[in-house]
Structure formats: C-alpha cells, structure tokens
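Here is a short briefing on one protein model. Look over the sequence and the structure first, then read the points below.

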Amino acid sequence: MRIGPLLKLTRFPLVFTAIADSATGFLLTMKTAEHPWWALGLLGFASACLYASGMVLNDVADAERDEVRHPERPIPSGE
C-alpha cells in the first residue's frame with residue numbers, strides 16, 4: 001500500500017486539530033503539575049487514532065455516493 005492515498009484517506013493534515021483539542025482540554029483541567037505528562041501524549045495519540053479512523057469509516061460508508069460526487073477520493077478511485 002502506498003502512503004499517499006492512506007494519508008489522504010485519513011485526512012492526515014487535520015489530525016493535528018484533534019491532538020490540539022485534546023491537549024487543550026487536558027491542560028485546562030489540570031489543577032496541579034502532579035499529573036503524569038505521559039498521559040498527555042497518550043491522549044494525543046488516542047485522539048489522532050480516533051479522528052483518523054472516523055474519517056476512514058465515513059469514506060467507507062459514503063463510498064457509493066463518492067463514486068458520483070468525489071471520484072478523486074482514494075476509495076472510489078481504487079487507490
């Protein structure tokens with residue numbers, strides 16, 4: 001599998017907004033510096049994975065419609 005269509009399918013440039021949103025929520029709710037900072041990394045990773053998988057599932061669900069409206073997307077184009 002080539003990496004380009006996979007990045008296009010997961011909308012990779014937009015994944016960083018999910019990470020930023022989760023990090024902002026984490027930092028705003030932090031009351032002390034005693035929270036483990038590794039949890040912030042894990043939260044960011046989980047948010048990125050959930051966002052990307054949601055984008056893929058959306059394209060899978062809309063595959064028939066995308067054949068007509070967006071034939072350049074990875075699933076209808078066969079990439």
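Thr-10 is buried, with a relative accessible area of 11%. Buried means under 20% relative accessible area, exposed means over 50%, and partly exposed lies in between (1.4 Å probe, protein chains only). The model is predicted: local features need pLDDT of at least 70, side-chain atom pairs count only at pLDDT 80 or more, and totals for chains, interfaces and linings use all residues. Residues are numbered from 1 along each chain as its sequence is written, and side-chain values use heavy atoms, with hydrogens and water left out.

**Around Thr-10**
- Thr-10 sits in the loop between helix H1 (3-9) and helix H2 (12-29). Helices (H or I, at least four residues) and strands (E, at least two) are DSSP runs, numbered from the N terminus.
- Neighbours within four places in sequence aside, Thr-10 is in contact with Val-15, Tyr-51, Ala-52, Met-55 and Val-56. Contact means heavy atoms within 4.5 Å.

**Ala-18 in H2**
- Ala-18 belongs to helix H2. Its relative accessibility is 13%, so Ala-18 counts as buried.
- Ala-18 touches Ser-47 and Tyr-51, with neighbours within four places in sequence left aside.
- Ala-18 and Ser-47 are 29 residues apart in sequence, yet their C-alpha atoms are 5.8 Å apart in space.

**Helix H3**
- Helix H3 covers residues 38-61, which is 24 residues. At 1.5 Å a residue it should span 34 Å, and its end C-alpha atoms are 35 Å apart, which agrees. The expected span is 1.5 Å times one less than the number of residues.
- Buried in H3 are Gly-44, Ser-47, Ala-48, Ala-52 and Asp-59.
- What covers these buried residues of H3? The cover includes H1, H2, helix H4 (63-69) and helix H5 (74-77).

**The whole protein**
- The protein has five helices and zero strands. Its radius of gyration is 16 Å, well over the 12 Å that the globule rule gives for 79 residues, so the protein is more spread out than a compact globule. That radius is taken over C-alpha atoms, and the rule is 2.2 Å times the number of residues to the power 0.38.
- Along its principal axes, the C-alpha trace spans about 50 × 25 × 15 Å.
- Buried residues make up 20% of the 79 residues.
- Take the contacts between residues at least 6 apart in sequence: 56% of them join residues at least 24 apart.
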